[in-house]
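Visitor: I would like to learn how to read a structure like this one. Please take me through it feature by feature.

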Amino acid sequence: MFTQLEKEEAEIMFKLARKENWGAKYDRTEHFKRFQNLNESIKNLSKLRWILIYKKQHFTGISLNPEFKREIKDFILLNIPHVKEMLK
């Protein structure tokens, strides 16, 4: 069974993948306000190098690391399998 934190991490990465935020194409963290454990999730995923963090003057951006595309997609599908058709 997966923890709530792992499910949230998968949802964050799914949102990024759905918007095709890989590598240099990032999204602002303020667009992820609905996630209760956002900071902890970002910290965990950046340790795995699955998420890249872009510190800008007025905001912080995040994107998925294209080096780990297969692992990221597998993790998302393992935690939220019903999104398989939506994940490219």
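Guide: Start with burial. This is a predicted model. Of the 88 residues of the protein, 42% count as buried.

Visitor: What does the accessible surface come to, and what share belongs to carbon and sulfur atoms?

Guide: The accessible surface of the protein is about 5800 Å². Carbon and sulfur atoms hold 51% of it.

Visitor: How many helices and strands are there?

Guide: There are three helices and three strands. Read from the N terminus, the elements run α-β-α-β-β-α. The radius of gyration is 12 Å, close to the 12 Å that the globule rule gives for 88 residues, so the protein is as compact as a globular protein of that length. Along the principal axes, the C-alpha atoms fill a box of roughly 40 × 25 × 20 Å.

Visitor: What share of the contacts joins residues 24 or more positions apart?

Guide: Take the contacts with a separation of 6 or more. Residues 24 or more positions apart account for 61% of them.

Visitor: Now the sheet. How do I read strand pairing?

Guide: Strands of a sheet pair through backbone hydrogen bonds, either parallel or antiparallel. Here an open sheet of three strands has the order S1-S3-S2, and the pairing is antiparallel. Strand S1 (27–28) and S2 stand at the edges, each with a single partner strand, so one side of each has no neighbour in the sheet.

Visitor: Over how many bridges do S2 and S3 pair?

Guide: S2 and S3 pair over five bridges, in the antiparallel sense. They form a hairpin, with four residues between them. For a reference point in the display, find Leu52, which stands opposite Ser63 in S3.

Visitor: Where does Phe59 lie, and is Phe59 buried or exposed?

Guide: Phe59 lies in the loop between S2 and S3. The cut-off for buried is under 20% relative accessible area. Phe59 is at 18%, so Phe59 counts as buried.

Visitor: Which residues does Phe59 touch, leaving out those up to four places away in sequence?

Guide: Phe59 touches Tyr26, Arg28, Glu30 and Tyr54. Compare that list with Ser46. Phe59 and Ser46 are 13 residues apart in sequence, and their C-alpha atoms are 17 Å apart in space.

Visitor: Next, the core. What should I look for?

Guide: In soluble globular proteins, nonpolar side chains tend to be buried together. In this model the largest nonpolar core has 23 residues. Those with the most contacts inside it are Ile12, Met13, Ile51, Leu64, Ile72 and Ile76. Helix H1 (4–18), H2, S3 and H3 are the elements that give two or more residues to this core.

Visitor: Which element gives the largest share of this core?

Guide: H1 does, with six residues. Now select Ile76. Leaving out residues up to four places away in sequence, Ile76 touches Ala10, Met13, Phe14, Pro81, Val83 and Leu87.

Visitor: Last, the charges. How do I read a salt bridge?

Guide: Side chains of opposite charge can pair when their charged atoms come close. The cut-off is a side-chain nitrogen of Lys or Arg within 4 Å of a carboxyl oxygen of Asp or Glu. By this rule there are five salt bridges. Asp27 and Lys19 make one of them, at 2.5 Å from N to O. Asp27 is buried, at 7% relative accessible area. Lys19 is partly exposed, at 33%.

Visitor: What distance separates N and O in the salt bridge of Arg49 and Glu67?

Guide: The distance is 3.2 Å. This pair links distant parts of the chain, 18 residues apart. Arg49 is in the loop between helix H2 (38–47) and strand S2 (51–55). Glu67 is in the loop between strand S3 (60–64) and helix H3 (69–79). Arg49 is partly exposed, with a relative accessible area of 44%. Glu67 is exposed, at 58%.

Visitor: Which residue forms a salt bridge with Arg70?

Guide: Asp74 does, and the closest N and O atoms are 3.1 Å apart. Arg70 and Asp74 are four residues apart in helix H3, so about one helical turn separates them. Arg70 is exposed, with a relative accessible area of 53%. Asp74 is partly exposed, at 38%.

How values were computed:
Residues are numbered from 1 along each chain as its sequence is written. This is a predicted model: local features need pLDDT of at least 70, side-chain atom pairs count only at pLDDT 80 or more; totals for chains, interfaces and linings use all residues. Side-chain values use heavy atoms; hydrogens and water are left out. Buried means under 20% relative accessible area, exposed over 50%, partly exposed in between (1.4 Å probe, protein chains only). A nonpolar core is a set of buried Ala, Val, Leu, Ile, Met, Phe, Trp, Tyr and Cys residues joined through side-chain atoms within 4.5 Å. Contact means heavy atoms within 4.5 Å. The radius of gyration is taken over C-alpha atoms; the globule rule is 2.2 Å times the number of residues to the power 0.38. Accessible areas come from the Shrake-Rupley method with a 1.4 Å probe; for residues, only the protein chains shown count as cover. Two strands pair if DSSP finds at least two bridges between them.
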